[in-house]
Amino acid sequence: MNDTGVAPERRRITVLAVLLMLAVSLFDAAVFVGGFAMWLPSMMVVAAHANGGMTEGLMYWLMAGPAFALLGFLIGWIAFFFRPRNGLLIGLLVPMVWVISILAIFANAEYRCDGDWVC
């Protein structure tokens, strides 16, 4: 072995990082369950208004919650073993994009349509 070469730095995964990743995983699980709770109402609205357009697209977006949560969970844990910080961010931000967009859709519907989907 050559003494002039620098040994690669080994990254350590700390206990705090593992606990934070477990907390992020619980958030992902909550988004997954909450997304499934929206499936039945969304399917009923899609069945009632199956004429295409914006309403149908919004309903399909509502039903995408479990996919976002599962994607954030799986990619977050895979990235966590290579770079813990990136895994935490991916696991948290991917489902949060869906949650924030759903809150924005509900706020818009509440403001513009008095809580009804069809104005």
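## Phe82 and its exposure

Phe82 has its place in helix H4, where helices (H or I, at least four residues) and strands (E, at least two) are DSSP runs numbered from the N terminus. With a relative accessibility of 63%, Phe82 counts as exposed, a label given to residues over 50% relative accessible area, while buried means under 20% and partly exposed lies in between (1.4 Å probe, protein chains only).

## Basis of the model

This is a predicted model, in which local features need pLDDT of at least 70, side-chain atom pairs count only at pLDDT 80 or more, and totals for chains, interfaces and linings use all residues. Residues are numbered from 1 along each chain as its sequence is written, and side-chain values use heavy atoms, with hydrogens and water left out.

The chain has a mean pLDDT of 84, and 81% of its residues reach 70 or more; pLDDT is the predictor's confidence in each residue, from 0 to 100. Among the elements of the chain, the highest mean pLDDT, 95, belongs to helix H4 (residues 65-82), and the lowest, 73, to helix H2 (residues 39-48).

## Overall build

The chain has 5 helices and 0 strands, and its elements run α-α-α-α-α from the N terminus on. Of the 119 residues in the chain, 30% are buried. Among contacts (heavy atoms within 4.5 Å) with a separation of 6 or more, 67% are between residues 24 or more positions apart.

## The nonpolar patch

Phe82 is also one of the residues of a nonpolar surface patch of about 820 Å², which it forms together with Ile13, Val15, Val18, Leu19, Leu22, Ile78 and Phe81. The elements that give two or more residues to this patch are helix H1 (15-37) and H4, and H1 gives the most, with 4 residues.

Patches are made of residues with over 30% relative accessible area and no salt bridge, with like charges joined within 9 Å and nonpolar side chains (Val, Leu, Ile, Met, Phe, Trp, Tyr) within 5 Å. A salt bridge here is a side-chain nitrogen of Lys or Arg within 4 Å of a carboxyl oxygen of Asp or Glu.

## Ser25 in helix H1

Helix H1 also holds Ser25, which counts as buried at 11% relative accessibility. Leaving aside neighbours within four places in sequence, Ser25 is in contact with Phe73 and Trp77. The side chains of Ser25 and Trp77 make a polar contact (2.7 Å), that is, a pair of N or O atoms within 3.5 Å, of which, within protein, one must be able to donate a hydrogen and the other to accept it, and residues adjacent in sequence count only if both atoms are side-chain atoms.

Conventions:
Areas by Shrake-Rupley, 256 points an atom, 1.4 Å probe, with all protein chains shown as cover.
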